[in-house]
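Dear colleague,

I am handing over the structure below, and I would be glad if you could look through it with the notes that follow beside you.

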Amino acid sequence: NTKTIMIQAFITSCGRTDLLKKTLDSFSENMPHKVFITIHEDGLSKIGQHSSIEKFIHTCQEKYVLFMEEDWIIDNSYDWIQKSIDILESDPSIIKVLCRSDSPHNPEEFNDGWGYLKNWKGNDGIVWCGFSWNCGVTRMDILKKFVPFAKWEQDVAWQIRQAGYKVAML
């Protein structure tokens, strides 16, 4: 018996309306929770992803937010939102639980299907240390500490890691 929860989703988009439609359609397929979706078109206005997210964070009062870009398809075959919240509540040093089935990240696996992310090197040579805007549930009280964000996503990730916070992955 899953308890219905309400969660805020924030989706950044950069003019790819065909992908955005697929993402929004995927929310309605077997979603066990109520999701309130805010979409910010940051590509056409040239405001940029980090500025869009900072403006959202400034007004957000939620404890947890699902952040994603417009090119994700939600898999509701299991209750990944509740599982993500359970993981976040199990360890106050976790800032985010990524939910990506084809991730290049290499988590340290635990028995219940999740693990902490280790550093990994992308094909572009950039070393990532966990945090990303990939689809996942984020703890807002920690994220707000890093506003304004560094220009590059990997720099935000390093700041978060250096401050002692972790990223988990289902």
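A disulfide is taken here as a pair of cysteine sulfur atoms within 2.5 Å. Please keep in mind throughout that this is a predicted model. The sulfur of Cys-135 lies 5.6 Å from the closest cysteine sulfur, which belongs to Cys-99, and that is too far for a bond. For Cys-60 the closest cysteine sulfur is in Cys-135, at 16 Å, which is again too far for a bond. A search of the whole structure accordingly returns 0 disulfides. Cys-135 counts as buried because its relative accessibility is 4%, and Cys-60 counts as buried because its relative accessibility is 5%.

The sheet comes next. Its 8 strands follow the order S2-S1-S3-S9-S4-S10-S6-S5, forming an open sheet with mixed pairing. S2 and S5 (107-109) are the edge strands, each of them pairing on one side only. From one strand to the next, the twist averages 30°. Helix H1 packs on this sheet, where it touches S1 (6-13), S2 and S3, and its direction makes about 170° with that of S1.

On one pairing, S9 runs antiparallel to S3 (residues 64-69), to which it is joined by 4 bridges, and here Leu-66 stands opposite Val-137. S9 also runs antiparallel to S4 (residues 94-98), with 3 bridges between them, and in this pairing Lys-96 is the residue opposite Thr-138. S4 in turn pairs with S10 (residues 166-169), in this case in the parallel sense and over 4 bridges, and the bridge partner of Lys-96 in S10 is Val-167.

Which residues does Trp-133 contact, once its neighbours within four places in sequence are left aside? Trp-133 is found in the loop between S8 (127-128) and S9, and it counts as buried because its relative accessibility is 2%. Its contacts beyond those neighbours are Gln-49, His-50, Ile-53, Phe-67, Met-68, Glu-69, Lys-96, Leu-143, Phe-149 and Glu-153. With one of these, His-50, the side chain of Trp-133 makes a polar contact of 3.0 Å, side chain to side chain. Phe-36, by comparison, is 97 residues from Trp-133 in sequence and 18 Å from it in space, as taken between C-alpha atoms.

His-33 counts as buried because its relative accessibility is 6%. Its side chain makes a polar contact of 2.7 Å with the side chain of Asp-79, and a polar atom of that His-33 side chain also lies 3.0 Å from the backbone nitrogen of Ile-5.

Key. Residues numbered from 1 in each chain as written. Predicted model: local features only at pLDDT ≥ 70, side-chain atom pairs only at ≥ 80, totals over all residues. Heavy atoms only, no water. Pairing = 2+ DSSP bridges. Helix = DSSP H or I, 4+ residues; strand = E, 2+ residues; numbered from the N terminus. Buried < 20%, exposed > 50% of the residue type's maximum accessible area, 1.4 Å probe, protein only. Contact = heavy atoms within 4.5 Å. Polar contact = N/O pair within 3.5 Å; in protein donor to acceptor, adjacent residues only side chain to side chain. Axes fitted to C-alpha atoms, helices over the stretch in contact; angles between N-to-C directions.
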